[in-house]
Each structure stands twice: as structure tokens, then as C-alpha cells.
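Open the model in your viewer and keep the selection tool at hand. The tour goes from stop to stop, with a note on what to select at each.

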Amino acid sequence: MPANDPGASGATEFRMPSLGADMQAGTVVTWLVKPGDHVKHGDVVAEIETEKGVFEVEIASGGIVDELIVAKGAKVPVGTVLARLRSDGAPPAEVGAAAKAPAAIVAPSPAAPTPAEPPTKPASVTPAAPAERPTIPAPVTPSGRVARASPLARKIAEAKGIDLTQMKGTGPNGAITKADVERAALQPEPLARAPAPEPSIRPPAPEPLARPTTPPGTEAIAAMRHAVAAAVSRSKREIPHYYLSADINLGPALQWLTTQNQSRAVTDRILPAAVLLKSVALALRKFLGLNGFWTDGAHHPAEAIHVGVAISLRGGGLIAPAIHDADRLSIDQLMRALSDLVRRARSGGLRGSEMTDATITVSNLGDEGAASVFGVIYPPQVALVGFGNIRERPWADNGMLGVRPAVTATLAADHRATDGHYGSQFLAEIDRLLQAPESL
């Protein structure tokens with residue numbers, strides 16, 4: 001369901017987005033806007049928590065925030081109206097007495113008690129309910145100014161020793177985002193933290209949570225695996241998969257990479273994964289039937305090529321955010337985008353669009369021991385490409401037997417959208433591109 005729908009009165013409704021086929025509900029971690037704020041397309045307006053983590057969610061259309069419907073801390077199903085916007089110049093919505101009452105806003109789950117009703121014993125925390133977490137007080141300057149920042153931005157600033165009160169944010173109405181803090185951390189002299197306030201004005205420390213009965217992250221990982229399993233089960237039930245594989249000689253590509261990397265710093269070197277991703281993205285230009293979605297009983301090819309990358313998370317779990325317009329990026333740009341995506345997937349800070357825009361998914365086992373991977377299509381996509389590990393294999397070429405570094409490329413595709421002949425031509429195009437890596 002779209003994150004922004006026009007309401008009956010012409011107002012725009014910002015809804016709980018679906019950040020993947022395995023998402024059923026989400027929790028509003030924080031709002032980065034308030035009623036009366038002006039927002040434009042692409043502004044991050046909220047942070048939403050799912051079984052796979054906390055994501056910054058952008059707005060798809062501009063306007064003025066009219067009202068916030070769902071309260072911070074509330075867990076609601078996908079498609080629930082979270083906020084309403086009005087166009088510039090339009091009068092504010094009529095707000096009646098009932099709408100002004102606290103009950104008009106969706107309340108947080110009972111698993112997170114409000115300060116007015118302190119629990120008599122620690123509340124139980126399950127994967128389905130938003131977990132209690134200690135809050136990080138907003139930084140305060142000696143003059144009393146509070147730095148407006150998202151919880152993710154505050155957490156990272158706390159860890160890196162960055163003073164948020166000396167920063168200007170790029171979020172709606174000057175809110176400091178995670179990206180702002182990370183840019184500040186990359187400066188030669190990061191903003192120094194302001195001296196801590198005197199004890200008399202120091203904010204009270206948050207109440208400690210009850211010690212978990214299971215190792216940290218166990219319940220979250222279990223919830224993530226359950227969500228992924230649900231999506232995979234749905235995929236296998238609803239999508240008629242067909243599978244193909246092809247062995248590809250990577251000798252030319254790896255030799256080209258060696259030459260390219262000789263004059264580069266270690267941090268700027270290109271990995272084989274970037275070359276494989278670029279070959280998939282360029283091949284899709286000729287085979288758009290594998291790039292898109294199956295929705296409402298029909299195939300909808302996508303013109304933009306947003307390649308989802310399967311990333312394993314530390315401690316377990318899997319996530320597949322997208323690299324946007326991968327076919328238009330140079331190898332260097334694609335390598336930087338891949339490194340950034342992996343870092344943010346494992347540390348937090350992915351955008352909602354990165355979780356919803358992927359038009360195909362690539363699973364690359366890298367140095368893992370398996371020679372090939374036959375994946376399950378991630379609905380509503382219609383294809384998934386897999387690469388096994390690169391290993392030296394016996395290789396016959398023009399009647400001569402030798403040893404070559406090779407990789408097995410596999411394709412899982414939706415038979416409603418394409419067929420085996422089409423899929424085999426796609427794999428052949430990937431092979432052709434990798435034999436001329438200088439053209440990637």
C-alpha cells in the first residue's frame with residue numbers, strides 16, 4: 001500500500017509503509033516533524049521499527065503536516081494512517097473535541113507502560129511488541145537550547161563524542177539526522193562534545209531495564225527469521241519458480257581487477273562483488289522482464305534498475321536493501337554504494353526506500369564454501385540472481401584443458417513473467433559482460 005494516499009477531502013495521508021513482503025506491522029520510534037511543519041518529497045519524517053531493525057522513512061509528497069495520528073511508541077499494521085498533510089494555502093483540518101482527546105491518537109502497546117501508570121513488575125517483552133529501551137536525553141546547551149535530533153542520531157553522536165548542539169540538521173525544520181552525524185564524524189576535527197552540565201541541572205538517568213533472560217538480540221533475531229520464513233513460504237506457495245545456472249569464467253574480470261587495484265589505496269580497491277553486481281544491472285537493460293514486480297495479477301516491468309543486495313547481519317538474520325540505479329553507477333561508485341549499504345545495514349540507518357524499491361535481488365556468497373545458491377524470489381519481485389564462491393576449476397576452452405577461476409551464476413525467476421529461454425539469454429548476457437570487464 002502506498003505510504004501517501006489522497007484522502008477523501010483531498011488531504012494527503014501518510015501511511016505505515018510496507019518495508020518488505022515479510023512486514024505485517026511497524027512501531028513509530030519517533031516523529032521528526034510536528035503539526036505545522038513544511039515537508040517536501042524525500043524528507044525523512046519518522047523512524048519506524050520492524051523485526052529487521054529501525055528505518056528512516058521518507059515522505060513521498062510535500063505539504064504541511066496537519067496532524068499526527070499515531071503516537072510515538074505505537075505499533076500498528078501496515079497501511080494504517082500515521083499522519084495527514086495538507087497542501088500549501090489550505091486551511092487546517094477541523095479538529096473536534098474527540099480528536100483533541102488523547103484517545104484519538106493510537107496509543108503505545110501496553111507492553112510499554114506510560115509514566116502515569118508505573119508497572120508493579122517488569123513488563124514482559126516479546127518480539128511482537130515494541131521493546132522498552134532506555135532513552136538518550138536530548139543534548140542541552142548552557143543557554144537551555146535543545147538540539148532536535150532523531151534517536152539514531154543521538155545514539156551515534158553519544159558514541160562518537162559529537163556535540164549535537166553545535167550542528168545544523170538537514171532534516172525537516174532543521175532536525176539532525178543520522179546522516180548529519182556521520183558527516184560530522186568524517187570531518188578532520190569532529191565537533192567536540194560540550195562540557196557536561198552541572199549535577200544540579202543534569203537530566204535524570206533513565207530507569208534501567210530488567211536484565212533479559214535470553215542472550216542479547218536472541219528474540220530480535222528469532223523475530224526476523226520468523227518474518228523471513230513467512231515471506232519465503234508465501235513466495236514458494238504463490239510464485240511458480242523456475243531455476244537455471246551457468247558457470248562463468250572470471251579470469252578476464254579478476255585480471256582486470258588486479259590491474260585496477262594496483263594503484264589504489266586499500267580502502268579504494270574494487271571487490272569482485274561490485275563487478276558481479278554491475279554485470280547484473282547492465283544485463284537487465286536488455287532483459288527488463290526480470291526487472292520489476294508481479295502485482296494485482298499482472299507483470300509490471302520497471303524501467304529503473306534498483307538492485308537489492310542480500311546482506312547477512314552480525315548475530316544472524318538477512319536483509320536485502322537496494323542500490324538505486326545500479327546500472328548508471330560507475331564501478332567505483334557502485335563499490336562505494338555497496339560498502340555504505342553493508343555498513344548501514346549492520347549498524348542501523350537504512351532508508352525505507354532502500355527496503356521497498358528493489359526491482360531484483362542478488363545473493364552473493366562471496367568466500368563462503370558453497371559453489372552455488374538457488375534462492376527464493378522475494379515478492380513482489382520476479383527474479384533473484386545468485387553467485388556462489390569463486391574457485392579455480394578445470395576449464396576446457398577451444399579443445400584445451402586448463403584451470404580457470406570460475407563462479408556459478410544462478411537464476412530463480414517467476415514463470416508467470418518470463419520463461420526458461422528468456423532466463424538463459426539473461427545469464428548468457430551476464431557471461432558476455434564479464435568477459436569484457438573494461439566495458440562495465
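**Stop 1: a sheet.** Start with the open sheet of 4 strands, ordered β6-β5-β3-β8 and paired antiparallel. Strands here are DSSP runs (E, at least two residues), helices are runs of H or I with at least four, and both are numbered from the N terminus. Two strands pair if DSSP finds at least two bridges between them. Select β6 (53-58) and β8 (75-77): each has a single partner strand and stands at an edge, so one side of each has no neighbour in the sheet. On average, neighbouring strands of this sheet are turned by 40 degrees against each other, direction ignored. The axes behind that angle are lines fitted to C-alpha atoms.

Now zoom in on β3 (residues 25-31), which pairs with β8 in the antiparallel sense over 3 bridges. Pick A25: its bridge partner in β8 is P77.

**Before going on.** This is a predicted model: local features need pLDDT of at least 70, side-chain atom pairs count only at pLDDT 80 or more, and totals for chains, interfaces and linings use all residues. Residues are numbered from 1 along each chain as its sequence is written, and side-chain values use heavy atoms, leaving out hydrogens and water.

**Stop 2: the cavities.** How many cavities of 30 Å³ or more does the structure hold? There are 2. A cavity is a set of points, on a 1 Å grid over the protein atoms alone, where a 1.4 Å probe fits but cannot get out; lining residues have an atom within 4 Å of a point. Volume is the space filled by probe spheres set on the points, which are joined across faces, edges and corners.

Select L19, D22, M23, T50, E51, K52, F55, A227 and M355, the lining of the largest cavity. About 50 Å³ of space lies inside. This lining divides into 5 nonpolar, 1 polar and 3 charged residues.

Next, select F14, W31, V33, V45, I59, V65, L68, A83 and L85 around the second largest cavity. Strands β7 (63-68) and β9 (81-86) each give two or more residues to this lining. The volume is about 40 Å³. By class, this lining has 9 nonpolar, no polar and no charged residues.

**Stop 3: two loops.** Go to the loop between β11 (292-295) and β12 (298-301), where D296 lies. Phi of D296 is positive, near 55 degrees, in a residue other than glycine. Then move to P380, in the loop between β17 (360-364) and β18 (383-387). The peptide bond from P379 to P380 is cis, with omega near 5 degrees.

**Stop 4: confidence.** Colour by pLDDT, the predictor's confidence in each residue, from 0 to 100. The protein chain averages 79, and 75% of the residues score at least 70.

Where pLDDT is low, the predicted coordinates should not be read in detail.

Technical notes
1 Å grid on protein atoms, 1.4 Å probe; cavity = no way out; pocket = protein on both sides within 12 Å on 5 of 7 lines; lining within 4 Å. Nonpolar A, V, L, I, M, F, W, Y, C, P; charged D, E, K, R; others polar. Axes fitted to C-alpha atoms, helices over the stretch in contact; angles between N-to-C directions.
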